[in-house]
Amino acid sequence: LGRVEEIGLFPLGLVLNPGATLPLHIFEMRYRQLFNSAWDGNQKMGIVMYDKDKNQWARVGTCAKVVRFQPLPDGRILTVNEGE
């Protein structure tokens, strides 16, 4: 079996498929911290579909690798992420 690894989760209203890329503009402080931690560590985090109208998380998500990380002067972050 594979190994167990604890990673942060980023909720989105979409599904990231393995091999697909996803550019993101990160502006909320809690998600800035998530992406900074991922970039400083193993560059991995989870992307999970979240339906805010139903306040419901999907049962599965995708592990994503941060492949591009560009911090902006005001603290926001531009990233490119790849589904694994």
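In the protein, 55% of the contacts (heavy atoms within 4.5 Å) between residues at least 6 apart in sequence join residues at least 24 apart. The model is predicted, with local features requiring pLDDT of at least 70 and side-chain atom pairs counted only at pLDDT 80 or more, whereas totals for chains, interfaces and linings use all residues. Residues are numbered from 1 along each chain as its sequence is written, and side-chain values use heavy atoms, with hydrogens and water left out.

The protein comprises one helix and five strands, assigned as DSSP runs of H or I over at least four residues and of E over at least two, numbered from the N terminus, and their order along the sequence is β-β-α-β-β-β. The radius of gyration, taken over C-alpha atoms, is 13 Å, close to the 12 Å given for 84 residues by the globule rule (2.2 Å times the number of residues to the power 0.38), so the protein is as compact as a globular protein of that length. The C-alpha trace spans about 35 × 35 × 20 Å along its principal axes.

Of the 84 residues, 30% are buried, that is, under 20% relative accessible area with a 1.4 Å probe and protein chains only. When residues up to four places away in sequence are not counted, Thr79 touches Leu22, Pro23, Leu24, Ile26, Phe35, Val66, Arg68 and Phe69.

How values were computed:
Buried < 20%, exposed > 50% of the residue type's maximum accessible area, 1.4 Å probe, protein only.
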